[in-house]
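Biologist: I would like to go through this model with you. Could we look at it together?

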Amino acid sequence: MAVPKGKVSKARRDKRRSANWKLSSPALVKCPKCGALRPPHRMCPECGTYNGREIKAAESVVSW
């Protein structure tokens, strides 16, 4: 019968398990209008469009 040779510490056990729970990077898609990367099904933060419609008006810079 297989028996562990000695106690495995919590730190050693958790180090072994940590490699299996890494988060994957978020998916990003290209905006069809400006080409900036954005999360899918979200408004583009650069040009303010979503699904071919302008959601957020582009901010104009006023210089005095």
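Biologist: Is Arg13 buried, partly exposed or exposed?

Modeller: Bear in mind that this is a predicted model. In it, Arg13 is partly exposed, because its relative accessible area is 28%, and the limits for that class are 20% and 50%.

Biologist: Which residue forms a salt bridge with Arg13?

Modeller: Asp14 does, and the closest N and O atoms of the pair are 3.0 Å apart. Asp14 is partly exposed because its relative accessibility is 39%.

Biologist: How many salt bridges does a search of the whole structure find?

Modeller: The search finds one. In general, side chains of opposite charge can pair when their charged atoms come close.

Biologist: Which residues gather in the patch of positive charge on the surface?

Modeller: The patch brings together Arg12, Lys15, Arg16 and Arg17. Lys15 sits in helix H1, which covers residues 10-18.

Biologist: Why does Lys15 count as exposed?

Modeller: Lys15 counts as exposed because its relative accessibility is 64%, and the class begins over 50%.

Biologist: Changing topic, in what order do the elements of the chain run from the N terminus?

Modeller: The order is α-β-β-β-β, made up of one helix and four strands.

Biologist: And what percentage of the residues count as buried?

Modeller: Of the 64 residues in the chain, 11% are buried.

Biologist: Where is Arg38, and which side chain of opposite charge is nearest to Arg38?

Modeller: Arg38 belongs to strand S2, residues 37-38. The nearest side chain of opposite charge is that of Glu46, 11 Å away. Arg38 is buried and has no salt bridge.

Biologist: Which backbone oxygen lies 3.1 Å from a polar atom of the Arg38 side chain?

Modeller: That is the backbone oxygen of Arg42.

Biologist: Now the backbone angles. What is the phi of His41, and where is His41 placed?

Modeller: Phi of His41 is near 65 degrees, a positive value in a residue other than glycine. His41 lies in the loop between S2 and strand S3 (49-50). With a relative accessible area of 65%, His41 is exposed.

Biologist: What about the phi of Asn51?

Modeller: Asn51 also has a positive phi, near 55 degrees, and is a residue other than glycine. Most residues other than glycine have a negative phi.

Biologist: Where is Asn51 found, and is Asn51 buried or exposed?

Modeller: Asn51 is in the loop between S3 and strand S4 (53-54). Asn51 counts as exposed because its relative accessibility is 61%.

How values were computed: Residues numbered from 1 in each chain as written. Predicted model: local features only at pLDDT ≥ 70, side-chain atom pairs only at ≥ 80, totals over all residues. Heavy atoms only, no water. Patch = residues over 30% accessible without salt bridge, like charges linked within 9 Å, V, L, I, M, F, W, Y side chains within 5 Å. Areas by Shrake-Rupley, 256 points an atom, 1.4 Å probe, with all protein chains shown as cover. Salt bridge = Lys/Arg side-chain N within 4 Å of Asp/Glu carboxyl O. Lys, Arg positive; Asp, Glu negative; His and termini not counted. Charge placed at Lys NZ, Arg CZ, Asp CG, Glu CD. Helix = DSSP H or I, 4+ residues; strand = E, 2+ residues; numbered from the N terminus. Buried < 20%, exposed > 50% of the residue type's maximum accessible area, 1.4 Å probe, protein only. Polar contact = N/O pair within 3.5 Å; in protein donor to acceptor, adjacent residues only side chain to side chain.
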